[in-house]
Amino acid sequence: MSDTTADTIETRPFEAEVAQVLHLVTHSLYSNKDVVLRELISNASDACDKLRFEALADESLYAGQADLRIDIRFDAEARTLSVIDTGIGMSREELIENLGTIARSGTRKFLEAMAESQRADAALIGQFGVGFYSAFVIADKVSVTTRRAGSDDAWRWESDGASAYTLEAADGEVPRGTQITLHLKGGEDEFLAAWKLRSLVQRYSDHIGFPIRMAKLGDDGKPGDEMETVNQAAALWTRAKSEITDEEYQAFYKHISHDFNDALSWSHNRVEGNQNFTSLLFVPAKAPFDMAFGRDERQGLKLYVKRVFIMDAAEQMLPNYLRFVRGVVDSDDLPLNVSREILQSNRQVERIKGALVKRTLDILDRVAGDEDGSKYLGFWGEFGNVLKEGIVEDASNRERIAKLLRFPTTQSANADELHSLDDVIGRMKLGQEGIYYLTADGWNAARNSPQLEALKARGVEVVLMHERVDEWMIGYLSEYAGKPLKNIAKGDLKLDELPEDESSKQAREEAAEQVKGAVEKLKTALGDRVADVKLSTRLTDSASCLVLGEHDMALHMQRLLKAAGHDAPAGKPTLEVNPRHALVKRFDAETDPGRASDLALLLLEQAQLAEGAQLDDPAGFLKRVNSLIG
Ligand code: ADP
Ligand code: MG
């Protein structure tokens with residue numbers, strides 16, 4: 001081997017997507033630069049957690065140095081800022097994998113989200129598991145010197161954040177852990193000011209469970225050689241609630257979630273008894289970017305056992321429909337060597353999980369009960385459709401979740417004016433069978449649905465469920481607060497019990513009597529296009545509507561499934577016609593068989609259109625409409 005340095009320094013290209021992230025970071029992220037330090041401290045703290053975890057099985061990894069800590073140093077002359085931890089460190093392979101070559105799952109998502117949001121904000125970066133790269137927001141060169149616990153080989157990684165990085169063996173006595181040194185860009189001098197760094201570190205890291213140290217300031221106000229711990233260095237959730245300020249809770253939330261918004265609310269509890277554990281759960285105010293990206297790889301809940309971080313266990317310890325929750329669980333009873341497999345099928349875990357669900361629903365109840373109702377509506381706007389999944393997934397808490405649901409109704413001026421089912425029950429009319437609702441594909445289809453007419457005329461409120469998940473969800477909610485939920489587009493509507501003024505009732509019955517014969521004629525004309533034809537009690541203005549059997553799948557869902565290539569169970573609808581409508585009367589009076597058949601088709605097609613369907617024969621429909629006008 002030759003001894004020139006050129007031979008020992010290897011230059012490697014960044015994986016393409018990593019290079020894209022770096023390009024974005026160096027060229028367009030200017031706001032929230034403070035986040036950089038937070039991300040680096042967060043990584044250092046993770047590294048200390050990892051060593052403590054691995055050392056559970058192999059204490060020799062400490063090699064006599066069990067104190068885990070993080071030092072922040074800066075050098076105003078050299079314009080460098082360093083974060084130095086005594087954590088797990090990285091091997092050569094890990095350096096390559098974590099900081100360069102292999103695009104991790106977050107990289108692509110980050111790029112997609114950034115392209116979508118057009119909001120270049122450094123604060124977003126940590127959410128995607130690419131927080132390390134935020135260093136290049138304030139640095140034009142970053143060097144990482146690291147030695148993995150249990151190994152004698154140390155490595156140095158260095159890059160200017162362009163297309164490549166270098167890798168070389170680091171010589172000399174390299175302490176265990178990782179030193180990350182940022183060579184600051186011009187203009188980033190604030191990161192070289194002792195007071196500024198201190199205030200940042202304190203704000204972001206007070207709650208971190210490891211000591212964070214900075215140089216003690218001398219009498220001249222300049223940092224000396226001696227180091228002092230600047231944070232509390234006690235894991236936040238282990239402290240007494242009464243001693244923790246809201247600001248501290250919020251800072252901790254930001255640390256574990258990488259969110260830059262405040263949390264909406266939280267719940268901090270210690271459970272003692274058969275099982276002892278502490279939980280600190282947060283409900284975010286804003287959905288993270290990756291909420292939309294599938295349900296796999298769920299993060300957000302950190303499992304600790306006796307203060308030792310074990311793993312991210314959101315998937316094992318929180319149901320899917322609470323995937324927005326962020327927090328920490330610290331158990332005194334689970335074994336330190338607990339594995340994912342054990343978590344999946346452990347009675348203790350089941351019990352903790354049940355308690356976490358209750359706590360979360362408690363938080364939501366509390367926020368929903370706030371005088372400031374807008375706070376809950378804000379939550380609902382972000383996570384309502386996720387929470388709805390709980391109606392399906394969690395039978396044991398169905399009633400509690402149903403209480404938290406919000407929908408627009410026929411009393412809403414717009415789709416954002418939401419009501420709870422309790423509100424709707426409070427306004428039920430005497431003789432009403434239950435809570436009436438309608439599902440539709442979109443707000444306009446719902447609010448203009450002909451099915452609503454008779455109920456509107458009687459002043460009965462109908463819940464308008466216009467989101468895609470609604471039809472699926474409502475299949476699992478047949479009752480709430482002792483009241484059945486009744487889809488007004490399915491089965492018979494028992495309107496007889498509802499008050500109706502005498503004259504309109506009479507008019508309706510007379511009209512029905514007059515067109516009695518129309519039903520049979522329509523059945524013949526429409527054949528097997530419909531399951532049946534009936535005179536409607538639902539309609540007052542429209543000519544016709546489609547009604548399904550009590551257990552049929554909604555028509556817009558049938559279409560959705562078909563479009564996605566699935567076999568949809570085709571529940572054929574019944575056509576209901578309005579005896580008072582001119583078109584129905586005209587059909588009844590029509591003697592020409594060709595024209596009668598056109599009118600019959602028109603009645604069906606109108607009902608299909610109102611419901612949001614596409615017509616089989618749109619051109620034929622137009623011809624029929626035009627000939628009617630002519
Ligand atoms: P994340 O922390 O979400 O995984 P980052 O981009 O912040 O994403 O870090 C990438 C990876 O680099 C980490 O998962 C870790 O494996 C490694 N890493 C970063 N900083 C350190 C450190 N100080 N010590 C050990 N490993 C580190
Ligand atoms: Mg990180």
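Trainee: Let's start with the ligand. Which backbone atom lies 2.9 Å from an oxygen atom of ligand 1?
Mentor: That is a backbone N or O atom of Phe-132. Keep in mind as we go that this is a predicted model.

Trainee: Okay, and how much of the ligand's own accessible area does the protein cover?
Mentor: Ligand 1 has 530 Å² of accessible area on its own, and the protein covers 85% of that.

Trainee: Which elements give two or more residues to the shell around it?
Mentor: Those are helix 3, spanning 35-57, and helix 4, spanning 92-99. Helix 3 provides the largest share of the shell, with three residues.

Trainee: Which residues come nearest to ligand 1?
Mentor: There are 13 residues around ligand 1, and the nearest are Asn-43, Asp-85, Asn-98, Gly-131 and Phe-132.

Trainee: Nice. Switching topic: what domains does the assignment give?
Mentor: It gives domain 1 (6-233), domain 2 (237-368), domain 3 (407-500) and domain 4 (502-629).

Trainee: I'm curious about domain 3 and domain 4. How many residues of each are in contact?
Mentor: On the domain 3 side 20 residues are in contact with 25 residues of domain 4. Their centres, taken over C-alpha atoms, are 22 Å apart.

Trainee: What area is buried between them?
Mentor: About 1,900 Å², with carbon and sulfur atoms giving 47% of it.

Trainee: Which three residues supply more than any other three on the domain 3 side?
Mentor: Glu-453, Lys-490 and Glu-500, which supply 31% of the area that domain 3 buries against domain 4.

Technical notes:
Residues are numbered from 1 along each chain as its sequence is written. Chains are lettered from A and ligands numbered from 1 in the order in which they are written. This is a predicted model: local features need pLDDT of at least 70, side-chain atom pairs count only at pLDDT 80 or more; totals for chains, interfaces and linings use all residues. Side-chain values use heavy atoms; hydrogens and water are left out. A residue is near a molecule or strand if one of its heavy atoms lies within 4 Å of it. A polar contact is a pair of N or O atoms within 3.5 Å; within protein, one must be able to donate a hydrogen and the other to accept it, and residues adjacent in sequence count only if both atoms are side-chain atoms. Accessible areas come from the Shrake-Rupley method with a 1.4 Å probe; for residues, only the protein chains shown count as cover. Helices (H or I, at least four residues) and strands (E, at least two) are DSSP runs, numbered from the N terminus. Domain bounds come from an automatic or database domain assignment. Contact means heavy atoms within 4.5 Å. Buried area is the accessible area (1.4 Å probe) that two parts lose on being put together, summed over both.
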